[in-house]
Amino acid sequence: MNSYDVAVIGSGPGGYVAAIRCAQLGMKTAIIEKYSTLGGTCLNVGCIPSKALLDSSHHYDDAVKHFEEHGIEIPGDIKVNLEKMIARKQSVVDQTTGGIDFLMKKNKIDVYQGLGSFKDATHITISGEESTEIEAKNIIIATGSKPANLPFINLDKERVITSTEALKLKEIPKHLIVLGGGVIGLELGQVYKRLGAEVSVVEYADRIVPTMDAGVSKELNKVLKKQKFKINASHKVKSVERNGDEVIVKADNKKGVEVEFKGDYCLVSVGRRPYTDGLNAEAAGVKINDRGQVEVNDHLQTSASNIYAIGDVIKGAMLAHKAEEEGVFVAETLAGQKPHIDYNLIPGVVYTWPEVAAVGKTEGQLKEAGIPYKAGKFPFKALGRARASMDTEGMVKVLAHKETDEILGVHMVGARTADMIAEAVALMEFRASAEDAARMSHAHPTDTEAFKEAALAATDHSKFYEPDTAVHHVTGFHW
């Protein structure tokens, strides 16, 4: 029987990063993955393939709607080759997962293919083509999550589908009904909207992306409606039935009146659930709560002292980069170090176009906590760089403490905000003030100037300019 200092169950972003960091810190490490490729949901059927399709569909959308205005003329009709688009997506996935294989070899991590389940707190049975058993002093559970479902919905994975099937459709839907107005539903909905589908979003909450700042939800809602999304908030889905090639969704609207949606595909994107199927956690003394999450303490330690859990399988936002931070945290804890994670400073992103990005507290959270704050906003339409690129939709909002001026939250809707948010994270990590952000030199013309201007608006300097007049960088003056 092979023995290890650390064994990691699951090879998603949390698992493979944890394994690499453990190996770097001198621990003999193994990783167990039940699927044939490493990388978990994110690399195989989540973050990476969805961004590949978003980028491909964005190029098509630009070519159809904006090239002519840029003075680019393409003779003949512009057509979508969905098969080729899906194939390119898969090549991106293959290259990325292949990179994980390389990193495992480089760091001398033993890879086991099969379903890992606990025999006891230090032994794992791996059921695959060749079943085996390994021993580990410490074990990290990184088994991730799966798409959630509503109890009355039959996911046939043909017409009533999850995000996994939506990434490999063989045709463009005529009418795609999306159940859930969160990140996954909006991103995949936009892919097929760009390619020609009618898209109807049915959301239970009173707004899309309901966990984000209300101002962000309102702005994104406005933009998506301009893109001809049909957004139906405050709708409680009651039934989803398939009749041949037609899917019929029935829901009660906010007035309690039943409404009906008919389409040829229905994407069920009502969240994700922690995945512990087959783990046999009880054999190791690991407790799982009534939400299906592995219970952990502040050190990410389970009820079994030598077993840790990270990522989607524990509480908190289901984000790949959160899982990565937790993987490093556990590895460094095992090495005797004193790592730290500030969960308030883990950013969230929606990769629609315009993108949505946020970090820190929302206005709603600050009000609920009774924290005095001030808000500064700046619209992209007032930015020279945004005009040059024709990406004028959206805004940046900076929330700062009313008394200390410390930045408490940053919320963005706009082009490339997924990259811009890192500046806010860095500043907030060092507890910077809105004035600090406002006084930093930002290259001109860039999208990040919108962050500088929003920070200015959150300070006393806000009285020196009026963003709604859209004169910024027409005159060339900031203040």
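Predicted model: local features only at pLDDT ≥ 70, side-chain atom pairs only at ≥ 80, totals over all residues.
Me: How many salt bridges does the count come to in this model?
Reply: Happy to start there! Residues are numbered from 1 along each chain as its sequence is written, and side-chain values use heavy atoms, leaving out hydrogens and water. A salt bridge is a side-chain nitrogen of Lys or Arg within 4 Å of a carboxyl oxygen of Asp or Glu, and by this rule the count comes to 24.

Me: Which residue forms a salt bridge with E332?
Reply: Good one to look up in the structure. The pair links distant parts of the chain, 311 residues apart, with E332 in helix α8 (residues 320-334) and its partner in helix α1 (residues 13-24); helices here are DSSP runs of H or I with at least four residues, strands (E) of at least two, numbered from the N terminus. The closest N and O atoms are 3.1 Å apart, and the partner is R21.

Me: Is E219 buried or exposed?
Reply: E219 forms a salt bridge with K222, and both lie in helix α7 (residues 214-226). Buried means under 20% relative accessible area, exposed over 50%, and partly exposed in between (1.4 Å probe, protein chains only). E219 has a relative accessible area of 14%, so E219 is buried.

Me: What relative accessible area does R431 have?
Reply: R431 forms a salt bridge with E406, the closest N and O atoms being 3.0 Å apart. R431 counts as exposed because its relative accessible area is 61%.
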